[in-house]
Structures are given as structure tokens and as C-alpha cells.
Amino acid sequence: MKIANSAKAAIIGAAALVFSTLGASAQDSCSNRGQLDDQYCDANKDLVADTPTDAARQKDPSTLVFAYTPVEDPAIYANLLKPFVTHLNSCIGRKVVYFSVQSNTSQIEAMRSGRLHIAGFSTGPTAFAVNMAGAVPFAAGGSEAGPRGYKLIALVKASSPYKSMADLKGKKVAHTSPSSNSGNLAPRVLFPPLGLTPDNDYKPLMSGGHDKSILGINHGDYDMAAVADDVFERMIARGTVKRDDFRTLYTSEVFPTNGYVHAHDLKPELAAKIRDCFFSYKFTPEEQKEFNGEDRYVPITYKEKWGVVREVAEKSGTPFNKRSYEAEAKREAEALERKKAQQPKN
């Protein structure tokens, strides 16, 4: 699987493909669809796409493609997840390949178009993948205690003068990306009661990632950043930043972390096998360190675990629908084009 040469063309094309008719007849007889895109149905009202009732539309690929959420250094995760991919190969009994994605949009489009079968999405994009790509969340990283969550934190430099959220009015505040839960949507709902309203008291500066926001605070590019605490903890564990260089002005309640999904149209037997193989895997010491102590995949349901995420999205005026997704696809395309333009030419 190759990534298109032009990032902008790829992402804009992806968005167009996402909302085109893919040849399969629309489920006009669908009794319930909710916020799912038109080609999916949710007759049992569990908020995710049903397996096609027509057996001819159920897929049983000989090679399965697995992708993890976009990260700053894809090579780190490609290497980190090798033991898990090897486990899936053996456990499922067919070839599983790992695919590095450039953006949330490209990952969602790949599942929508049938080129991606298993994936780990970050919190906000999980909901877009459910509604726009027929993704079925079934697992999250966790431990014997259950699925692990994360918190939104408002991070400032330790040496800064800021003591309360209201002190950040008119300052440089970093968000990560428009679709991010802790990096954008949750701050829009949770910061105003603390005396700091995005767009009114400050203009959110999109950094492009939680790690970039944290590094931006460290380098003095931002006065405060809204980030996920688990990313912050991983960067401390790696030695990328030092805890003593930062202070936390605010900590939210717990949100669900990455959702692991499979495509809705896999044969039921194959989908069940994938789930079983996730749950039988035990994380390597390297994975446990990188994923903040997670040692296994645990079962979850989207309807329950993503309830708070959907609520935040609705209250922030950015529900996980087609219109919001198209806007996010456009922003990601523009960001990738800017990044490409900034790269040195050979």
C-alpha cells in the first residue's frame, strides 16, 4: 500500500471518496441509522455499523491490514508493535501487515474504502471512524483493573507566572488539532467555567500534536497547552522532557484512550477471531513502558465508553458528523501541504 505523492491530493481525494457511493446499495430499508453515514445501518441501536446481512458483502481477506493512530515518528511504533503483529499473524492464521498512516483522515478513509481492516484510533478520531467508516470499537489498552483512560491537562512552564486559567487571557495557548478530544474539543467545553473561553479569551493555536504542544511549552513558543496527560507521561519516561520544567494548572476527569476497531463488514467468524486474538495478547515490557503500564487489551463498547466524548463534541458544537469530518479533512490536507513545503528539497 503506497501513500500518494501529493498529501493534499490524497487527503482531499480521501474525503471525496469517503462520501461517494461505493457501489453497494444504500440501506434504504434501514430502520435506524443515527449519526452513521448513509451506507451503514444500526438496527440494534448500539451506535456502530451492523454487519451486512447479505453474506456476499461480508469480507474475508487473505491479508489483513493493521494501522495505529498517526504519530510523530512512525518508525518507533512500527518497531514497537512488531511482536503484536507477529502474534496476530499466528493467532488469526493469516498474513497481517502493519501500515503507517500520515493523518487521521487517511486512516479513516482507508477503513472506509476497505483497505484497512484493523486499527487503533485516538479518542476523537475513533468517533469519526465509527460514523464515517463503519469502524466497530471492541478493545482498549488496559490492565487487570480495566481499560486505561487519560486526562486533559492544562500545562504551563514551571517558571511561568500563571497561577490560574484566567491568567492565560490574551496569551499564546496551544490546542493540537480540531478533531482531538483533549487537544481541542474538551477544552472548549471545560475551560470556560474556569474563566478562560477559547476564541474569546484567546485564539487557539493548532500545534499539530500533543507532543508538539508540550515541546512548544518547553521552548517558549506557547504560554499554555491543552494536552493528554498520557502523552506527557510518555515523553517524561523517554527523557524527552523533564517533569520539573512544567506545572499543571488544571486536570480533567478521565476520558477513554485509544479505541481498537475492526471493519464492520468482516465475516462474523473473522471479526470474532480478531477480537479473541487481541484479548489473548500480553504486552511486551517495551509496550508496557510506552503505554503507561498497559499490559493487555480489554473489551469495551463504543456506546458506553465513548459517551463522555460524544457529549463533549455535541456541547462544543462539533459533533462527529459528515460536515465536521469534511472540515477536518480539509484542515489536515492544508497542514500536510504546509509541512511538505517546509521540507528541504534535494
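**Loops, disulfides and a helix pair**

Me: Where does Asp199 lie in this predicted model?
Reply: The structure is a predicted model. Asp199 is not a glycine, although its phi is positive, at about 75°. Its place in the chain is the loop between helix 6 and strand 8.

Me: Which residues does Leu194 touch, leaving out those up to four places away in sequence?
Reply: Leu194 is placed in the loop between helix 6 (181-190) and strand 8 (205-206). Leu194 and Ala166 are 28 residues apart in sequence, yet their C-alpha atoms are 7.0 Å apart in space. With residues up to four places away in sequence set aside, the contacts of Leu194 are Met165, Ala166 and Tyr250.

Me: Is Leu194 buried, partly exposed or exposed?
Reply: A residue counts as buried under 20% relative accessible area and as exposed over 50%, with partly exposed in between. The relative accessibility of Leu194 is 35%, so Leu194 counts as partly exposed.

Me: What is the phi of Lys45, a residue other than glycine?
Reply: Lys45 belongs to the loop between helix 1 and strand 1. With a relative accessible area of 52%, Lys45 is exposed. The phi of Lys45 is positive, with a value near 60°.

Me: How many disulfides does the structure hold?
Reply: Cys30 and Cys41 form a disulfide, with 2.0 Å between their sulfur atoms. Cys91 and Cys277 also form a disulfide, with their sulfur atoms 2.1 Å apart. When bonded cysteines are counted along the chain, the pattern is 1-2, 3-4. The number of disulfides in the structure is two.

Me: How many residues apart in sequence are the parts tied together by Cys30 and Cys41?
Reply: The link of Cys30 and Cys41 is right-handed, with 90° about the S-S bond. Cys30 and Cys41 each lie in the loop between helix 1 (7-18) and strand 1 (63-68), so the pair ties together parts whose separation in sequence is 11 residues.

Me: Are Cys30 and Cys41 buried or exposed?
Reply: The cut-off for a buried residue is a relative accessible area under 20%. Cys30 has a relative accessibility of 17% and therefore counts as buried. Cys41 has a relative accessible area of 6%, so Cys41 is likewise buried.

Me: Is the disulfide of Cys91 and Cys277 left-handed or right-handed?
Reply: Cys91 and Cys277 form a disulfide. Cys91 lies in helix 3 (residues 82-93) and Cys277 in helix 9 (residues 268-279), so the pair ties together parts that are 186 residues apart in sequence. The torsion about the S-S bond is about -85°, so this disulfide is left-handed.

Me: Are helix 4 and helix 5 roughly parallel or roughly antiparallel?
Reply: Helix 4 (residues 104-112) packs against helix 5 (residues 123-133) at an angle of about 30°, with 9 Å between their axes. Angles under 35 degrees count as roughly parallel. Helix 4 and helix 5 are therefore roughly parallel.

Me: How many nonpolar residues are in the contact of helix 4 with helix 5?
Reply: The crossing of these two helices is right-handed. Helix 4 brings Asn104, Ile108, Met111 and Arg112, which meet Pro125, Phe128, Ala129, Met132 and Ala133 in helix 5. By class, the contact of helix 4 with helix 5 holds one polar residue and one charged residue, while the number of nonpolar residues is seven.

Methods: Residues are numbered from 1 along each chain as its sequence is written. This is a predicted model: local features need pLDDT of at least 70, side-chain atom pairs count only at pLDDT 80 or more; totals for chains, interfaces and linings use all residues. Side-chain values use heavy atoms; hydrogens and water are left out. Axes are lines fitted to C-alpha atoms, for helices over the stretch in contact, and angles run from 0 to 180 degrees between N-to-C directions. Helices (H or I, at least four residues) and strands (E, at least two) are DSSP runs, numbered from the N terminus. Angles under 35 degrees count as roughly parallel, over 145 as roughly antiparallel, 65 to 115 as roughly perpendicular and the rest as oblique. A crossing is left-handed if the near helix is turned anticlockwise from the far one by less than a right angle, and right-handed if clockwise. Contact means heavy atoms within 4.5 Å. Ala, Val, Leu, Ile, Met, Phe, Trp, Tyr, Cys and Pro count as nonpolar, Asp, Glu, Lys and Arg as charged, and the others, Gly among them, as polar. A disulfide is a pair of cysteine sulfur atoms within 2.5 Å. Buried means under 20% relative accessible area, exposed over 50%, partly exposed in between (1.4 Å probe, protein chains only).
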